[in-house]
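Trainee: I have a new model to look at, and I would like to learn how to read its features step by step. Could you give the general idea each time, and then the case at hand?

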Amino acid sequence: MTRLGILLSGRGSNFQAIHRAVERGEIEAEIALVVSNVPEAAGLKYAREAGLPVWTMSSKGVPRAEFDRKVLEALREAGVEWVCLAGYMRLLSPEFIAAYAGRIVNIHPSLLPSFPGLDAQEQAFRHGVKITGCTVHLVDEGLDTGPILAQSAVPVLEGDTVESLSARILEAEHKLYPATMARLVGSRKQ
């Protein structure tokens, strides 16, 4: 069974969506390790309550390459085969990307290549687009530039705010990310 490593920095709602899909047998995988660069991240509480292995260390003041080497060591020790970024708010070092080349997956709250980087929902809202959404992509050394695996469109509705639009995009993310991971690693359900 495929061993997943989840990297998160906050509430971990996409991690929770992936975990629930694993538990339902929709993804043929097990979560081997949940990693956070924020020791008080809310997603870690969920991981611990679910009985999942957790590794955490504050990244504050630690050079990126040095921090990533420690994360890589933890992932390798746990036998992680695929890495899922779930609200991980750090750019990965070239060394990290090379170690898991073609096996690091991220979800972004826009229809890439539009609105990469931070505050994608706000960028879309400010530009007045009528359709936005989310993208699951492989991670490369660029910022949200890796090969696109799947996308889900979300309409911008009359009267939307950045918050209401963000909430609907997040709902789409919670469906798209697990479905994409199931396609990548398989499903136990027949």
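Mentor: Let us begin with pairing: two strands pair if DSSP finds at least two bridges between them, and strands (E, at least two residues) and helices (H or I, at least four residues) are DSSP runs, numbered from the N terminus. This is a predicted model, in which local features need pLDDT of at least 70, side-chain atom pairs count only at pLDDT 80 or more, and totals for chains, interfaces and linings use all residues. Residues are numbered from 1 along each chain as its sequence is written, and side-chain values use heavy atoms, with hydrogens and water left out.

Trainee: In strand 5, which residue is the bridge partner of Cys84?

Mentor: Strands of a sheet pair through backbone hydrogen bonds, either parallel or antiparallel. Here the partner of Cys84 in strand 5 is Val105, and strand 4 (residues 82-85) and strand 5 (residues 104-108) run parallel, joined by three bridges. Strand 4 is also joined to strand 1 by four bridges, again in parallel, and Cys84 is the bridge partner of Ile6.

Trainee: What is the order of the strands in the open sheet?

Mentor: The seven strands follow the order 3-2-1-4-5-6-7, with mixed pairing. Strand 3 (54-56) and strand 7 (148-155) are at the edges with a single partner strand each, so one side of each has no neighbour in the sheet.

Trainee: Are the residues on the two faces of strand 4 buried or exposed?

Mentor: Buried means under 20% relative accessible area, exposed over 50%, and partly exposed in between (1.4 Å probe, protein chains only). In strand 4, Trp82 and Cys84 on one side and Val83 and Leu85 on the other are all buried, and both faces are covered.

Trainee: How do the axes of helix 1 and helix 6 cross?

Mentor: Axes are lines fitted to C-alpha atoms, for helices over the stretch in contact (heavy atoms within 4.5 Å), and angles run from 0 to 180 degrees between N-to-C directions. Angles under 35 degrees count as roughly parallel, over 145 as roughly antiparallel, 65 to 115 as roughly perpendicular and the rest as oblique. The axes of helix 1 (residues 13-23) and helix 6 come within 9 Å and cross at roughly 40°, and the two helices are therefore oblique to each other. Among the residues making the contact are Ala17 of helix 1 and Tyr177 of helix 6.
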